Amino acid sequence: DATVEDGPIRMRSYDLAVTPPEERNGLLRRPVLKSEEMMNKVKPIVDDVRSRGDAALLELTAKFDKAKLTSTVVFPPFAAETMAVEREVGEAIKTAYANIKKFHEAQADGATLRVETMPGVVCSRFARPIARVGLYVPGGTAILPSTALMLGIPAQVAGCREIVLATPPRPDGSISPEVMYVANLVGASAVLKAGGAQAVAALAYGTESVPKVDKIFGPGNQWVTAAKMLVQNDTDALVSIDMPAGPSEVLVIADYTANPGFVAADLLSQAEHGVDSQVVLVAVDLDEAKLAEIEKEVDVQAHALSRVDIVRKSVSKSIIVKTRSVQEAIAFSNNYAPEHLILHLENASEQVKYIDNAGSVFVGPYSPESCGDYASGTNHTLPTNGYARQFSGVNTLSFQKHITSQEITQSGLRGLGPVVATLADCEGLEAHANAVRIRLKELN
Ligand code: HSO
Ligand code: ZN
């Protein structure tokens with residue numbers, strides 16, 4: 001990019017107390033995703049892969065990823081040279097793998113829930129893995145083996161039978177060895193060398209070489225997100241998705257105890273993801289000197305980053321919200337419902353009980369988001385765009401579904417049957433009532 005700009009890298013400030021309500025609502029809003037426009041662009045791609053399968057996939061990969069492939073899927077055992085990573089990186093991946101696995105194993109629902117609701121009426125619930133899952137690992141400006149870990153480990157822990165990992169190939173047709181290394185660790189049953197809407201379509205419908213899956217997971221750009229929404233709505237595809245994904249976000253709440261360098265570093269770690277990353281600093285009764293220190297740190301640290309051009313764009317759209325109290329700050333955060341929430345607060349752990357909406361919380365000065373992004377154990381595939389109000393991040397249960405069952409004894413049916421017959425009569429559904437009465441008659 002030849003149009004590298006210069007000058008300070010700064011956020012815009014708002015004082016919440018004097019911000020009129022409409023503007024205050026504006027602070028909570030993320031940039032509008034042009035979802036309808038994207039749907040129209042993505043539909044022909046999805047349809048093409050659906051009808052022409054591998055041929056379409058190969059053409060689209062040549063067009064969008066500039067990779068000329070002869071086949072799109074690699075099956076295990078993966079060739080050693082495709083997974084060759086530096087020793088230090090391999091060790092780091094293994095430690096991250098162990099932590100993430102430990103946390104996600106603890107989430108697995110292996111127990112059967114059994115409740116006798118009335119004498120002789122036993123209701124149960126048990127979990128089963130989703131058989132075939134597709135994991136989308138974005139390409140683009142960064143390679144993301146961490147995303148392969150975050151999606152692959154819960155799939156493996158849940159016991160999914162088929163794990164298809166899709167990621168765009170590099171122009172030479174290869175996949176980064178780090179991603180292949182993780183694919184192998186998590187027991188991927190296939191690696192699909194494709195990205196964007198075409199990869200999502202291949203996972204949803206299957207092609208001659210790509211196995212069809214039952215659920216598609218993972219973050220992605222607007223094309224990927226639109227394609228996921230599209231296939232989810234097609235009953236022919238019979239596929240579900242993890243969550244509606246948008247650009248990554250962080251909201252940092254900082255009070256007088258906050259270390260300005262730490263706060264700035266946390267803001268920038270999110271800002272470097274992409275030009276559309278959302279970064280919000282909520283200041284709790286900070287004096288101008290402290291705020292100026294944080295802003296200076298943002299500027300200085302940003303200029304030292306290799307991704308300074310990305311950061312410049314995302315920071316310029318980011319905001320500082322000044323509040324008078326922790327309560328006011330947390331209320332704002334709960335309304336914003338950030339993907340990541342970092343608490344640079346005195347007694348930060350005491351405040352967690354007031355957090356109602358957030359994808360993942362980072363408590364205290366020594367819990368940077370980076371740790372959750374890579375290796376502490378929590379998942380980094382989290383709800384964005386305010387969806388933390390009603391969605392959880394990806395977790396082991398995302399790869400399982402629950403089946404309920406009931407077993408009723410003869411005496412149980414004597415007790416429950418009349419209740420059911422009455423309700424069936426009330427709904428005018430005679431056959432339902434008969435299914436009970438025919439048995440009650442036999443029992444008498
Ligand atoms: N912060 C990103 C995840 C990530 N960070 C991957 C580094 N690599 C979205 O939660
Ligand atoms: Zn990150």
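Both F217 and F399 are buried. The model they belong to is predicted.

**Aromatic pairs**

The structure contains five aromatic pairs. One of them is formed by F217 and F399, whose ring centres lie 3.9 Å apart with the planes at 10 degrees, so this pair is stacked. Planes under 30 degrees apart count as stacked. F217 belongs to strand 8 (residues 215-217), while F399 sits in the loop between helix 14 (369-374) and strand 15 (400-408). The two residues are 182 residues apart, and the pair links distant parts of the chain.

Another pair consists of F262 and Y366. Here the ring centres are 5.6 Å apart and the planes stand at 75 degrees, so the pair is edge-to-face. F262 is part of helix 9 (residues 260-271), and Y366 is in the loop between strand 14 (360-363) and helix 14, so parts 104 residues apart in sequence are tied together. F262 is partly exposed, its relative accessible area being 29%. Y366, in contrast, counts as exposed, at 69% relative accessibility.

| Pair | Centre distance | Plane angle | Class |
|---|---|---|---|
| F217 and F399 | 3.9 Å | 10 degrees | stacked |
| F262 and Y366 | 5.6 Å | 75 degrees | edge-to-face |

A ring also takes part in a contact with a charge: the charged end of R30 sits over the ring of Y336, at 3.5 Å from the ring centre.

**Strand 12 and its partners**

Strand 12 covers residues 319-323, and four of its five residues are buried, so the strand is largely enclosed by the rest of the structure. Strand 1 (residues 12-15) runs parallel to strand 12 and is joined to it by four bridges. Within this pairing, Y14 has V321 of strand 12 as its bridge partner. Strand 11 (residues 278-284) is also parallel to strand 12, with five bridges between them. There, A283 stands opposite K322 of strand 12.

**Zinc site**

The zinc ion (ligand 2) has H273 (NE2) and D373 (OD) as its protein donors, at 2.1 to 2.2 Å. Four donor atoms surround the zinc ion, and the angles they subtend run from 91 to 176 degrees, which makes the arrangement irregular. H273 lies in the loop between helix 9 and strand 11, whereas D373 lies in helix 14, so the pair ties together parts 100 residues apart in sequence. At 39% relative accessibility, H273 is partly exposed. D373 is buried, with a relative accessibility of 10%.

Note on methods
Residues numbered from 1 in each chain as written. Chains lettered and ligands numbered in written order. Predicted model: local features only at pLDDT ≥ 70, side-chain atom pairs only at ≥ 80, totals over all residues. Heavy atoms only, no water. Phe/Tyr/Trp six-rings, centres within 6.5 Å; stacked < 30°, edge-to-face > 60°. Buried < 20%, exposed > 50% of the residue type's maximum accessible area, 1.4 Å probe, protein only. Lys NZ or Arg CZ within 6 Å of the ring centre and 35° of its normal. Pairing = 2+ DSSP bridges. Donors = N, O, S within 2.8 Å, 3.2 Å for Na, K, Ca; no water. Tetrahedral: all angles 85-135°; square planar, octahedral: opposite > 155°, others 65-115°.
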